Every structure is written in C-alpha cells, then in structure tokens.
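Take a look at the structure below. The report that follows walks through a few parts of it.

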Amino acid sequence: LVVCGPTRFKDFWPTAIAASLARPAVWGRIDGANGIDDTDSRPAEVHGVTAELPGLAGRHNLNALDLARRFDDPAWRREAFERIAAAVDPFARRGPVRIGFPAVLGLDDHAAVLDDAARMLPGPVFEVPLVPPSIPGLRLYRALRAAFRRRGGRLVVGEPVIRIEVDRRTVTRVVASAAVRERVIRTGGLVLATGGIAGGGLIGLADGRLEEPILGLPVEAPSVDDWLAADPFEPDGHPLEAAGIRTDADLRPVDARGGVVLDNVAIVGALMAGQRYLSERCGDGVAIASGAQAAALLSRRVS
Amino acid sequence: VTIEDLVRRASAEEVGLSADDCLKCNVCTTVCPVARVTDLFPGPKYVGPQAQRFRLATIVSPQTAAAPQDVSPDRTVDYCSGCGMCTIACPADVKIAEMNNRSRAKLKAGHRPRLRDWLLGQTDLVGRLGVLSAPLANWSLHNRLVRRLIELVIGIHRSAPLPRFASSTLRSRLQREARRGSTAGLVLAPTAAGTAEPPPDRAVVLFHGCAANYYEPHVATAAIEVLRRSGFDTIVPKQVCCGLPLMNNGLYGAARGRAATNIGVLADYARRGYRIVGTSTSCTHTLKAEYREMLDVDDDDARAVAQATWDICELLVDLHDDGRLDTRFGRLDETLPYHAPCQLRGHGIGLPAMDLFALIPGLTAIDMDHDCCGVAGTYGLKKEKYDIAMAVGDPLFRRIRESDSARAACDSETCRWQIQTATDRPTRHPIEILAAAYRSFDATVEPATPGR
C-alpha cells in the first residue's frame, strides 16, 4: 500500500498516514451485527510518498478544492498522474500496489478522472477523506441538488428558519428570516435536518436539559450526570451521541410513550436519537439513508 | 469606560467579531466564484475570518496603551469582488463579505483614492455629466481608440461593459410628462403645496437609483406602468445615489453622506406606512442592509427605511399573495434565460422574478443557476480584474449563447450590461418582461380598454 499526497498539501501527511496504517490493530475483525473482517486486506508493506504536482510551486494555501478543480482539467491531470506514477513506481516494481490518495480526484468530472487514474497509475487508487471542504461530499451535494432542481425544486440558502407554525399535529408554515422582514413558506410537510449538538439542532441548557430549539420537540437524552466521558473517542462511544429525537418507522417524532407528536414532519440525520455516529463513524451514512427515506415517504404522501 | 461604551463598541464590531464564530469549515471557499477561477485570491476564509485575527490583535507594550493593529495582513483581499456568496453560504453566520469589504476599505484608508476608483464611485456625478453630453459621451465610451486611452490612463478595461447614457434623466422625463399633464399614477415629490399624496395603500415610493435615472429610464417607467395596473400610484421623491459604488471603491465617508441624504428623504415616507420600492436589487439591498452592516448607520430612521424597502419583484409577489396583483398577462411565446444576481441572494427572498414569470402564459423562463456574472458592481470594469470577471461569468455566458433565445433577463443593471456585452443578447429587467406581457394582453382585447 502506497499512500501518496501532493507536496506542501497541509491537509494530508502521507508518512503519518502510512505509519498509522502499518499498525496491525488497524486491520482485523469487528464483531457485531454489521461486523467486518479485513484481515486479509492487510498489506505487506505501507509506504508514504509525496509527488510534486504541476504548477503548484509557491502555493501555501492549497486546499482540497484547488486540487479537485485542477484534476477536472484533462491536460493538467495527465501530467499530475505521470508524476504520481513516477513517485509510486519504485514500489510497484517490487510487486502489486494499491494507492491511497487524498479525496481530490475531480469535482465535476470524477468519473473521467478515475478512468485516467486506472489507465495511468501502476495500481488501483482509492480516496482518503480529508478535513472539510470534503470533495466527495461536494460531489454528492451537487448531484442531489441538480436532481432536486430538475424536478422543479426551489432552493433558498443562507436565511435561518426562525419559527415554525403548527396547527394541532400538523406543520403549516415555516417562517425564515431575510435581509429585512420575514419570509413565510406555506407547507404540507417538513424534513427537519438541523443536526445534533455540534450542528445546533440540539442545545444544551444551563439546567442540564437538551432542547430542540425550533419546534420544541421532546428530546431523548442521558441525565446531565452522564454527559461527560473521559475519552470522547472511546470504543463504546460518548453518552451524548445517542441523544436526539426518537422517531417512529416513518421518521415522525414521538414522545417518551411512543405517541406521534407531529404528523407531517420527518426527522433525519444527526438529530435522530439512538445512533452511534462517533463510535461507529456512521454519521454520513445515517444522514444519507434517513434523508433518502424521508424523501421517499414525503413523495409517497404527495403523490 | 462605561458599560454603555462597551456595548456600543461591541455592536459596532458586529461584523468584525463574527470571525470568532468561524468553524474553518471552508464552505465559503467552495462557493467563492473568484477563488474558483484565479490563484490571485486564496478564498474568503483566508482573507476574511482567518486574517481577522491579526486585524483584531492589539499591540500591548508598557509604553503605549493597547491599540488595535487594524491592518490587513494580506493584500489579496483586494481581489474579493464583494459578491457576498460567502456570507450567504456560511453555516455559522460569519459576515465574511462584509468583513472583507471593510478590510479592503482599511487597506485604502489614508491613501488618496486612485482616480479610477474615485470615478467609479461617483455614479451620480458621472451620470449627470454623461446625460448632459450623451451623444459625445456615448460615442467616445464606445470608441475603441478612446477606450484604449482610458484603459492606459485611468485603468478601466477597454472591453469592460459600459452602459449608454440616456438622452435625458428619468427625473427630467417625468417632469416633462408632469407638465404635459400625462401623469396618471405618478407623483413627483416634493409636491406643490396643497397637493395631497395618495395614501400608502394605493401608492409606493420609488427609489430609482442611478441606473434608471441616467442609463435606463425605461426600467423605471416599466415599473410605474406595471404598478399602475394593480392600482398603485408611484411617488418619486428627490434622492441621491445609494452609495454602494462608493463603498465598493473604499470611499466610506462619501457613502455615509449619501446614506444620510436618502434616509432623510425616505424615513418620513416609511413612518407614514409607504413601501419603498426599487428596480435595482443592489440599491434596495443597500437600503435594507448595507447602511447598517457596512456604514454602521443604525438609528431609528435607518431602521424604518430598511423595514419599508422592497425589491420590485418581491413587492409584486407579495401583492399576488394578497390577491392584489393584476394577473391579466398576455402571451409571450419565448424561452427566457434568467440570471439571479448575487445581490438578490443577499435579500433572502428567493427568486421572485421566477415566480412572476410563471404567471405569464407562453413564457418559459429558465433559471441559469450560476453564482455570479463576474462584474459584481464595478469590479469587472477594472483593468486588472476584467479577465477574472469574464472567467467567473463564462459558464453563464456560454449557456446563454448556446440557447436559442432572443434575449435574457436579470434584476441587476451592472449584471445586465455584463451579460449583454458578453453574449450579444439584449438583457432585460424582469419588470420590462412583465410590462411587455401586459401590453400583449392589451393587444388581444379590443377595443383597447384602460387598466382596471
């Protein structure tokens, strides 16, 4: 396994990553319902190398986006792949290699970039996720956004929702802020994806309660005495990661006795109770799966 | 130092201190149209919240009292076009574009402004002189030799989109009409003593801005015509440039003077319940938000004006929601590419022009869904930034050129001129399209009946 990164790219340190991946503990079995076993994937050797990519000398504020956009340019990426191939080549001559590269292999033209990579590199390449801005995340966002707009969806970005109006168990209107005044959006349904504690979808109060600030939904949370963990990344997880809004099978918010609180609201992503996004690293997967489920439920109700 | 002093200072620093909320997520960088096309601008985060730490830093030594250092560590902030996409995208509510605009002004403070930047800020002076000498001014500003000379001496790019001066200003046209007595639905303020203004439920106040006054009077007259269809008179008070071009060129002092004049005229109308309407999304955004965010003008009068200000399409959609908009539009059988200007997004009102286009039978409006046309006010006119601006707008221009439509639409004047110049397609304000749809209706009704 050869971990390769562009020289002077501060978000990706090939030697550090290689040292980490060389530890036997990284490869092995994880038991449980969704257990995996990648013992057989463990590489005989792990190396970290850098490649000087074209035209980047003197760039000190390089980020993933700069690189991904350059990979979209066919002429540039051919030259880049030549240099990456040259950096990996000494190892490839000793045996088959897999190549780990930062997740910057194209933004608008990812498929074409992967084609060129398969053709020009001495082994199969996989992308290693980076700190934000996440290029795979942007690819997904753009694809979903385009699909949404193609179906006549309208997108307003940047103005926070300040109030949601409810008639008995039904959300009727969403009120957003604007440069001045308020903007009222009438609605027959709502997907609430405001995130967990880090995203602002849940707020910790001084009296030791967690609050869902926009609809005041009932929050399932550990008692304040259990909020702290010695190690936030300990394998058993952090007590607060499971906090959130409990839902029924249709993602509708329910109270402590299981009664549906709002009929036309779907709770998705990190706001959902009972998940383990820290211990299982499943935050993105929960977001995607619950988002898709909410969209399916809503479109069934509308049609 | 009293508590009041501290509170006042903190609220005046609302923009600067918002840097503390930055999560370094770089979403702003992903939406920045300038960083997308050039390495000269590293991106909003780097020159904004990140550099802000150094600007907020204080020099403390035993000899001197603490004094804010207040200088920008990074001159690349000058390449920010001020489009505002970063502020809109920021999930942590950091005022990135405003921060960058302020630090650009600080970079220039203390230096005499470049003749070019001063000139580009004086839209009302330039407009007045240009209209006076319209034939000569238009000839020379579209003569290739003169433009090369201007580029050489002043630094305005030879190919940059400059509009044509109208042969007379909007105000003088309206005055002429008033003398002729053909002023149905129009009130020029201040009115003659004893003349009553129509009440606020039947009239709006027009902030026409420089573009409609000196270059495109037909945009304002289209607005007056459209408002009249739904039973609204238009009051046109005396006014000056909103001041945005001055701010964009670092001339904050002069911009504050313009703000004071306009607020002095408009606050009284706002208090009496009139809605202040503009056809320029950038002027109306200045009245709504930038007097406060950029110039720290935040008194009761300024707030009353901000609360009363509407973009023309925003107002028409609101009238439609209340069932007060005359929806008898005639057919316009065409495909219309529409570009939502970056300034419009700052309003946070969605795309009201698209909602209105949907009311016109036969019309297929297509939202181009492009971040910025590049010109961003006066940015793209400058010699050293012209190429960047054209690269920013390029995907938009290509899509419009490749469409088989005869014209395009956009709410903001400088964007219209940029798109028009880059694509060779006449580019109209949405209000002109609506006026055309009403005229198309009139043509199908015989004999011609007056509006309701």
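In which helix of chain B is Ala437(B) found? Ala437(B) lies in helix H24 of chain B, which spans residues 430–444. Helices here are DSSP runs of H or I with at least four residues, strands are runs of E with at least two, and both are numbered from the N terminus.

This is a predicted model, where local features need pLDDT of at least 70, side-chain atom pairs count only at pLDDT 80 or more, and totals for chains, interfaces and linings use all residues. Residues are numbered from 1 along each chain as its sequence is written, chains are lettered from A and ligands numbered from 1 in the order in which they are written, and side-chain values use heavy atoms, with hydrogens and water left out.

**Around Ala437(B)**

Ala437(B) counts as buried because its relative accessibility is 0%. Buried means under 20% relative accessible area, exposed means over 50%, and partly exposed is in between (1.4 Å probe, protein chains only). Leave aside the neighbours within four places in sequence. Ala437(B) is then in contact with Phe329(B), Gly330(B), Leu332(B) and Ile360(B). Contact means heavy atoms within 4.5 Å. Pro426(B) is 11 residues from Ala437(B) along the chain, and their C-alpha atoms are 17 Å apart.

**Chain B as a whole**

Chain B has 24 helices and 11 strands. Of its 452 residues, 58% count as buried. Take the contacts in chain B between residues at least 6 apart in sequence: 75% of them join residues at least 24 apart.

| Helix | Buried residues | Exposed residues on the face turned away |
|---|---|---|
| H11(B), residues 144–153 | Arg147(B), Ile150(B), Glu151(B) | Leu145(B), Leu149(B), Leu152(B), Val153(B) |
| H12(B), residues 170–180 | Leu170(B), Arg171(B), Leu174(B) | Arg179(B), Arg180(B) |

The arc is that of the directions from the helix axis to the C-beta atoms. In H12(B) the buried residues fall within an arc of 95 degrees, so they line one face. An α-helix has 3.6 residues a turn, so residues three or four places apart point the same way.

The buried residues of H11(B) pack against helix H10 (134–141) of chain B. For H12(B), the cover includes strand E3 (186–188), helix H13 (209–215), helix H14 (217–229) and strand E5 (233–236) of chain B.

Now look at the ends of H11(B). At its start, a side-chain oxygen of Asn143(B) comes within 2.9 Å of the backbone nitrogen of Leu145(B). Just after H11(B), Gly155(B) has a positive phi of about 100 degrees.

**Where chain B meets chain A**

At this interface, 26 residues of chain B are in contact with 22 residues of chain A. The two chains bury about 2100 Å² between them, 43% of it on carbon and sulfur atoms. Buried area is the accessible area (1.4 Å probe) that two parts lose on being put together, summed over both.

There are 6 salt bridges between chain B and chain A. A salt bridge is a side-chain nitrogen of Lys or Arg within 4 Å of a carboxyl oxygen of Asp or Glu. Asp367(B) and Arg149(A) form a salt bridge, at 3.1 Å from N to O.

Note on methods. Polar contact = N/O pair within 3.5 Å; in protein donor to acceptor, adjacent residues only side chain to side chain.
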